[in-house]
Amino acid sequence: MNLRIFLCAILFCPTVFGQKVDSTALNNLRDAALEFQNSEMMRSGTLAISIKSVKEKLPVFGLHQEMSLPSASTLKLVSTATVLAVFEGDYKFQTFLEHDGQIKGDTLLGNLYIRGTGDPSLGSDRFPGFLKSSELISRWSVAVKNAGIKHIKGKVLADASFFDSATVASTWIWGDMGNYYGAGVQGLNFNENLYRAKFKPGVEPGDPATFLGIEPAIPYLTFTNRVTTGEKGSGDKTILYSSPLGNQVVLTGTVPAGSASFTVKGSIPNAAEYAAFALKTALANTAIRIYEQNPPFSGVVAGNPRKVLDEYKSPALRELCQQTNYWSINLYADAFLKQAGKRLSGKSDFDNAALAVTGYWSAKGADLRGFYIKDGSGLSPSGSITAGSLTEILNLANKESSFNDFYKSIAVLGQNGTIRNLAKGTKAAGNVRAKSGSIEGTRAYAGYFTTKSGALMSFAIIANKYMPGSQRIVSEELVKLMVLMAQL
């Protein structure tokens, strides 16, 4: 063992003020961490661990805790903690249906707008009691009809100006952006900015797969299909390529043989444009004529005050944050970053929002050296944090009035969310609340657990640059470390 690893590893405190930590369990955790770090899997990589007592803010155990490494989706904890602290859990996003003209008789002389305020959940089917995308379109169509409008001498437009026009971080990779998890964020999001593409696999591996279309139908998108058939049981191996605001999509990769059809999810390149298109189509289907012209009179000009026909509110922010952390929804986390950035600094672009979030926690006393985030989701491979900086923020979140909402938004090991099947039958199950993270070359977990003496601890574990092909084993080793943590 080299001296640096040894010195990092011995950072532990068996007694944290009045709360005792089981010294034998702590030694077991230390030994397991060092064994994993010195294993062949981590020969060229780094294992970083930070465990701190939440009440006293003191380190309990650390290994490479000051090395700046990719966060993967553990960064969503920062995004959700920040947006809850800034807006509180009761906050609801609003979406408006408006017009900027005059209604004369049965004719609207002006434009119709769907105006968003950054709601990432608009039209999602995740929330019982809230409207899905098709139901929202119906609601807006009825609102137009109830206003007595049968003719629109103007346009149906999407107003996504609440956020800046950069829908994706400049540091995201090309192979992510056309897939559902790489959906761009706009001031007006819709149906989680995704579509579903259906394929009919060929008979044998290597055969072309037939592209059967997408749901919802978006006729102005064009698709080039290069998807072929993979081995039976090989799962979704597709990569969808599209630019954030373009209309051309290239479908590549494989879908598994042996099924009549196979569905994959892609990101709508311009979801705000699609929302306006869907409403325009629905209005035309209800015999409301749209003339697609500028109002032919001088009374309506650019900047004319708008009149609201409908206002729709999202689920409470605490519910959105729980879905974000349970199921690792990139769109929601990046929307939260932009929302917090706009409130804190007046700027919603990724770079300035990241600076605003960093400044927010720094001002509260967090040591954020090595904290260089590029987005709110952790999708950017060039963004990095330290395990120590993450536990600093987790500890400070405990002091916020929103902490109860934040704590409950984090999935419980062995019970729910993306970690529902991990560590079952161990002392960690039902105890550890954790956000998982995974991007190429990085596996991570972060959150909270309670010691045997009742002390709440924050933790972050990041394994970076392990041997290729060892993802499953690395994940298992990290779970073993969480099990050992729960025995402290």
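Visitor: Which elements do the buried residues of α7 pack against?
Guide: This is a predicted model. Helix α7 covers residues 317-327, and its buried residues are Leu317, Leu320, Cys321, Gln323, Thr324, Asn325 and Tyr326. They pack against α3 (76-87), α8 (330-345), α11 (403-408) and β21 (433-439).

Visitor: Are α7 and α8 parallel, antiparallel, perpendicular or oblique to each other?
Guide: The axes of α7 and α8 are 8 Å apart, and the packing angle is about 130°. Angles over 145 degrees would count as roughly antiparallel, and 65 to 115 as roughly perpendicular. The angle of this pair therefore makes α7 and α8 oblique.

Visitor: How many residues in the contact of α7 with α8 are nonpolar, polar and charged?
Guide: α7 passes α8 in a left-handed crossing. On the α7 side the contact is made by Leu317, Leu320, Cys321 and Thr324, and on the α8 side by Tyr332, Ala333 and Phe336. By class, these residues of the contact divide into 6 nonpolar, 1 polar and no charged.

Visitor: Which strands are the edge strands of the open sheet of 4 strands?
Guide: The sheet has mixed pairing and the order β11-β9-β6-β20. Neighbouring strands in it are turned by 20° against each other on average, direction ignored. An edge strand pairs on one side only, and those that do so here are β11 (156-159) and β20 (307-313).

Visitor: What is the bridge partner of Tyr113 in β11?
Guide: Strand β9 (residues 112-115) pairs with β11 in the parallel sense, over 4 bridges. In β11, the partner of Tyr113 is Leu157.

Visitor: Which strands does helix α6 touch, and what angle does its direction make with that of β11?
Guide: Another helix, α4 (residues 133-146), lies across β6 (94-99), β9 and β20, running at about 155° to β20. Helix α6 (residues 271-285) also packs on the sheet. The strands touched by α6 are β6, β9 and β11, and its direction makes with that of β11 an angle of about 155°.

Visitor: Is Gly370 buried or exposed?
Guide: Gly370 sits in the loop between α9 (350-363) and α10 (387-397). Leaving aside residues up to four places away in sequence, Gly370 touches Ser68, Ser384, Ile385 and Thr386. Ser68 is 302 residues away along the chain, yet the two C-alpha atoms are separated by 5.1 Å. Residues under 20% relative accessible area count as buried, so Gly370, at 10%, is buried.

Visitor: Is Gly425 buried or exposed?
Guide: Gly425 belongs to the loop between α11 and β21. From Gly414, 11 residues apart in sequence, Gly425 is 8.2 Å apart in space, C-alpha to C-alpha. A relative accessible area over 50% counts as exposed, so Gly425, at 84%, is exposed.

Visitor: Which residue in the turn of the hairpin of β4 and β5 has a positive phi?
Guide: β4 (residues 46-53) and β5 run antiparallel and are joined by 4 bridges, one of which pairs Ile51 with Phe61 in β5. Strand β5 (residues 59-63) is mostly covered, with 4 of its 5 residues buried. The hairpin has 5 residues between the strands, and the one in the turn with a positive phi, about 60°, is Lys57.

Note on methods. Residues are numbered from 1 along each chain as its sequence is written. This is a predicted model: local features need pLDDT of at least 70, side-chain atom pairs count only at pLDDT 80 or more; totals for chains, interfaces and linings use all residues. Side-chain values use heavy atoms; hydrogens and water are left out. Buried means under 20% relative accessible area, exposed over 50%, partly exposed in between (1.4 Å probe, protein chains only). Helices (H or I, at least four residues) and strands (E, at least two) are DSSP runs, numbered from the N terminus. Contact means heavy atoms within 4.5 Å. Axes are lines fitted to C-alpha atoms, for helices over the stretch in contact, and angles run from 0 to 180 degrees between N-to-C directions. Angles under 35 degrees count as roughly parallel, over 145 as roughly antiparallel, 65 to 115 as roughly perpendicular and the rest as oblique. A crossing is left-handed if the near helix is turned anticlockwise from the far one by less than a right angle, and right-handed if clockwise. Ala, Val, Leu, Ile, Met, Phe, Trp, Tyr, Cys and Pro count as nonpolar, Asp, Glu, Lys and Arg as charged, and the others, Gly among them, as polar. Two strands pair if DSSP finds at least two bridges between them.
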